[in-house]
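Trainee: Please take me through this structure, beginning with a single residue and then moving on to the partners.

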2 protein chains.
Amino acid sequence: MNIGMPESDYPDIRGLHLFAEMSDEHFQTLMRGSYVQNFPPQIELITEGDPSDFLHVVLSGSVELFSSWNNRETSMATVRPISTFILAATIKEAPYLMSARTLEKSRIALIPSQDVRKVFDTDSGFARAIVTELAQCYRTVVKSQKDLKLRTSLERLANYILRCQRHAGGGDTFDLGYEKRRLASILGMTPENLSRAFKGLHPYGVQVKGRNVSIRSQKDLEQFAKPDRLIDDYSS
Amino acid sequence: MNIGMPESDYPDIRGLHLFAEMSDEHFQTLMRGSYVQNFPPQIELITEGDPSDFLHVVLSGSVELFSSWNNRETSMATVRPISTFILAATIKEAPYLMSARTLEKSRIALIPSQDVRKVFDTDSGFARAIVTELAQCYRTVVKSQKDLKLRTSLERLANYILRCQRHAGGGDTFDLGYEKRRLASILGMTPENLSRAFKGLHPYGVQVKGRNVSIRSQKDLEQFAKPDRLIDDYSS
DNA sequence: TTGGCTAATTGACATTAATCAATTTTGAAT
DNA sequence: ATTCAAAATTGATTAATGTCAATTAGCCAA
C-alpha cells in the first residue's frame with residue numbers, strides 16, 4: 001500500500017475533465033490529502049451503505065459497480081480509466097448506493113470527500129466540472145433505464161453489440177468487452193439466457209466465438225436492433 | 001398564455017432548494033427572462049430529442065416524464081411541486097432524454113437554459129445547489145435501477161406500497177398516488193400484470209379498492225417486501 | 001339519472017426469461 | 001502439454017410476464 005500521492009500520477013488526474021479547469025493551488029490542495037493504491041483483481045473497494053469518505057479515480061485497470069439485495073446481485077456499471085466513481089455520494093455526503101470491486105489489477109486514487117466538497121465551494125472551474133460530470137452520469141443512467149424498460153433482452157443484446165462495435169471503431173469484428181457472465185448481469189439477464197440470446201441473433205448475422213463477435217450483416221442487425229441516439233449514444 | 005413572470009410567483013420559486021442560496025441580483029436575472037404558463041391536463045410540454053431551451057419548474061399540478069422507443073412507451077418519473085425537471089439536459093446543453101406531459105392542470109415556470117448556465121458560472125450558491133439537486137436526481141435513478149434489476153414485479157409493487165404508505169404518514173390506509181395504468185408503467189409492468197400483482201399481495205394483507213390501499217398486516221408485508229434504505233429511502 | 005367513454009379486471013394463451021442439472025469448453029497455472 | 005477450476009453451453013422444466021379478447025366497473029358530462 002502506498003501512502004501519499006506520487007507526483008508522477010498528477011498529470012493523469014489533472015488530465016481528467018473533472019480536474020482540468022481548476023486552479024493549480026486547489027489542485028495541489030486536493031492532491032495533498034490523497035493517495036494511490038494498487039489493488040489485485042476481485043478486491044471489494046467499497047461496500048454499499050458505507051459512508052462516502054473518498055472520491056475514487058481509476059487510473060488503470062477497471063472497476064465494476066454492483067448492487068445486492070436479498071441475496072441477489074446485479075452489475076450496474078463499469079468504470080474504466082481515467083474516470084471517477086462515487087461522485088454523487090461524495091457530494092451529498094450520503095452513503096454509497098453501489099459497491100465496487102476491481103475487475104483486474106487496478107491503480108486507484110483516493111481523494112478525501114471533504115476536500116472535494118471544500119474545494120468545490122471555492123473553485124468555480126471545479127464546480128463547473130463536477131456539474132458536467134454529474135449531469136453526464138445522470139443521463140447515462142437514464143439511458144440505461146430506458147434500455148431496460150423499453151427493450152427485451154434480445155433487443156438489449158443487439159444494441160449492446162452495435163454500441164460495442166462503434167466503440168471498437170466500427171469494424172465488423174471486435175471484442176465483446178466483458179466476460180459473458182458479467183455482460184449478462186449488465187444487460188439484466190442470466191448467463192443461460194445470454195447464451196441463448198446470442199443464438200437468437202444468429203439470423204441477423206451475429207457470430208460469437210469466445211469474446212469475439214463478428215457481424216455478417218450490418219443492415220439486418222440494425223434493422224432488428226433499431227438503435228436510438230437517445231438510448232445508445234453514450235457521448236451526449 | 002402568460003408572458004413574463006408574475007412577481008407573485010417569485011416566492012414559490014425562491015423557496016426551492018435550487019434557488020434559495022443565490023444572490024438576489026442573480027435571482028432577478030433569472031426571473032427576468034422567465035415566464036409562467038398554465039397548462040391543461042395531458043399536454044405534452046417537451047418531446048425527447050428536442051434541444052433543451054428551458055429549465056422547467058412545476059409550481060402546481062404534476063408532470064409525468066416518459067420515454068418512447070419502437071412504438072412502446074414507459075413512464076420514467078413524476079414531478080410534483082415544487083421542483084424542477086430537465087436540469088441535466090439544461091446543464092449539458094444536450095437534447096432531452098425524456099418527454100414530459102402534464103397529468104393535471106399545471107402551472108409551469110420556464111427559465112431559459114442559457115441564463116441558468118450563465119448564472120451558474122458566477123453564483124457559487126447556485127452552483128452548489130445545482131450540484132446537490134443533480135446528485136439527488138442521479139441517486140434517485142440509481143435506486144430505481146436497482147429496484148428494476150433486483151426485484152420481481154411483485155416485490156416492486158410491495159415496496160412501492162410501503163414507500164407510498166410512509167409518504168402518506170404511515171397509516172394503514174392511504175391513496176395509491178397514481179392511476180393504476182400509470183403505476184404499472186412506472187413499475188415496469190403491464191396493467192394486467194399489476195392487477196394480478198395486487199391479488200398476489202392479498203396473502204400479505206394488502207387490500208385495494210380503487211385508488212385506496214389498506215394494509216392489514218404490516219409485518220407480513222414488510223417481511224415479503226424486504227424494504228432497503230439503499231433502494232427505498234428517497235430522502236437520502 | 002343515464003349514456004357513453006375509459007380504466008380496470010379477468011380468462012385463456014403465448015412469449016420470455018429463470019432455474020436446475022448435466023456436459024462441454026475455456027483458460028490459467030504448473 | 002496437462003490438469004484443474006471456472007465459465008459457458010445445452011436441454012428440460014418451471015415461473016414470470018406479456019398479449020389478446022371479453023367483460024365489468026367507475027366516472028364524468030349532459
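**Residues, interface and DNA**

Trainee: To begin, does B:R182 count as buried or exposed?

Mentor: B:R182 counts as buried, because its relative accessibility is 13% and buried means under 20% relative accessible area, with over 50% called exposed and the range in between partly exposed (1.4 Å probe, protein chains only). Please keep in mind that this is a predicted model, in which local features need pLDDT of at least 70 and side-chain atom pairs count only at pLDDT 80 or more, while totals for chains, interfaces and linings use all residues. Residues are numbered from 1 along each chain as its sequence is written, chains are lettered from A and ligands numbered from 1 in the order in which they are written, and side-chain values use heavy atoms, leaving out hydrogens and water.

Trainee: Where is B:R182 found, and what does it touch?

Mentor: Helix α8 of chain B holds B:R182; helices (H or I, at least four residues) and strands (E, at least two) are DSSP runs numbered from the N terminus. Setting aside residues up to four places away in sequence, B:R182 touches B:Q42, B:E64, B:S75, B:R101 and B:L103, where contact means heavy atoms within 4.5 Å.

Trainee: With which side chain does the side chain of B:R182 make a polar contact?

Mentor: That partner is the side chain of B:E64, at 2.8 Å. A polar contact is a pair of N or O atoms within 3.5 Å; within protein, one must be able to donate a hydrogen and the other to accept it, and residues adjacent in sequence count only if both atoms are side-chain atoms.

Trainee: Moving on to B:F54, what is its relative accessible area, and what is it in contact with?

Mentor: B:F54 has a relative accessible area of 24% and is therefore partly exposed. Its place is in strand β3 of chain B, residues 54–60. Apart from neighbours within four places in sequence, B:F54 is in contact with B:Y35, B:I86, B:T90, B:Y96, B:L110, B:I111, B:P112 and B:S113. Its C-alpha atom is separated by 9.4 Å from that of B:A89, a residue 35 residues apart along the chain.

Trainee: A change of topic: what area is buried between chain A and chain B?

Mentor: About 5,200 Å², of which carbon and sulfur atoms give 67%. Buried area is the accessible area (1.4 Å probe) that two parts lose on being put together, summed over both. Chain A brings 58 residues to the contact, and chain B brings 58 residues.

Trainee: How many salt bridges does the rule find across that interface?

Mentor: Six are found between chain A and chain B, a salt bridge being a side-chain nitrogen of Lys or Arg within 4 Å of a carboxyl oxygen of Asp or Glu. A:E155 and B:R72 meet in a salt bridge through their side chains, at 2.7 Å from N to O. Polar contacts join 28 residue pairs between chain A and chain B, with both residues at pLDDT 80 or more.

Trainee: Which element gives the largest share of the side of chain A that touches chain B?

Mentor: The largest share comes from α6(A), with 21 residues. The residues on that side of chain A divide into 26 nonpolar, 16 polar and 16 charged. Here Ala, Val, Leu, Ile, Met, Phe, Trp, Tyr, Cys and Pro count as nonpolar, Asp, Glu, Lys and Arg as charged, and the others, Gly among them, as polar.

Trainee: Now the DNA. Which residues are the closest to DNA strand C?

Mentor: The closest are A:S153, B:K180, B:R181, B:R196 and B:K199, out of 15 residues that surround DNA strand C; near means that a heavy atom of the residue lies within 4 Å. Of the atoms of DNA strand C within 4 Å of the protein, sugar and phosphate account for 67%. The surface near DNA strand C divides into one nonpolar, six polar and eight charged residues, and α9(B) supplies its largest share, four residues.

Trainee: What lies 2.5 Å from a base nitrogen of DNA strand C?

Mentor: A polar side-chain atom of B:R196.
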